[in-house]
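Please consult the sequence and structure shown here before reading on.

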Amino acid sequence: MEKSQKDVFITTLDKHKRIIYKIVNSYCKNPEDRKDLEQEIIIQLWNSFHKYNSDFQFSTWMYRIALNVAISFYRRERKRATVNDDYGQAIIHNIADESDYNEEQDQNVKLLQRFISELNELNKALMLLYLDGKAYEEIADILGITKTNVATKISRLKVKLKEEFQKHL
């Protein structure tokens with residue numbers, strides 16, 4: 001018996017669900033927003049699934065759609081955000097996926113999360129993909145920028161993050 005399009009989508013989505021967890025946790029600090037963003041990403045993935053070209057990696061296609069939805073969501077939510085936010089922007093809640101979540105995270109990890117949360121949307125996406133171990137070429141494909149631009153931006157971001165750490169030591 002042949003699998004339906006819906007079954008293939010669910011199976012594939014389940015295989016790559018960590019991507020959604022990482023993006024949702026990077027762009028939303030409160031649980032309700034994370035649930036909303038997760039739902040929006042899944043709906044967009046489903047609506048675009050018939051356009052997926054299997055010549056490319058599914059994870060690359062998924063990252064591209066999920067990051068675009070997250071950035072749009074982030075911009076929309078930022079407009080509605082109150083001034084009472086501790087850091088003035090959404091905070092990267094947890095770089096690792098939820099199954100790896102540990103409440104007693106090291107202070108340096110918390111600082112890194114705070115510094116990354118203060119980056120603009122593109123730089124935040126770059127660091128998320130970099131920390132996820134993606135190759136520069138794949139990051140370039142996902143974000144629609146050149147591999148050289150990825151390397152330059154990541155190098156500058158590393159320097160910037162290192163300087164931020166030194167200020168807090």
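**A charge over a ring**

The charged end of K124 is placed over the ring of Y74, 4.2 Å from the ring centre (the criterion is NZ of Lys or CZ of Arg within 6 Å of the centre and within 35 degrees of the ring normal).

**Basis of the values**

The model is predicted, with local features requiring pLDDT of at least 70 and side-chain atom pairs pLDDT 80 or more, whereas totals for chains, interfaces and linings use all residues. Residues are numbered from 1 along each chain as its sequence is written, and side-chain values use heavy atoms, without hydrogens and water.

**Aromatic pairs**

Across the whole structure, 10 aromatic pairs are found (rings of Phe, Tyr and Trp, the last by its six-membered ring, with centres within 6.5 Å; planes under 30 degrees apart are stacked, over 60 edge-to-face, the rest tilted). One of them joins W46 and F49, which are stacked at 6.5 Å centre to centre with 20° between the planes.

W46 is partly exposed, because its relative accessibility is 37%, whereas F49 is buried at 9% (buried is under 20% relative accessible area, exposed over 50%, partly exposed in between, with a 1.4 Å probe and protein chains only). Both residues belong to an aromatic cluster that also includes F9, Y52, F58 and W61.
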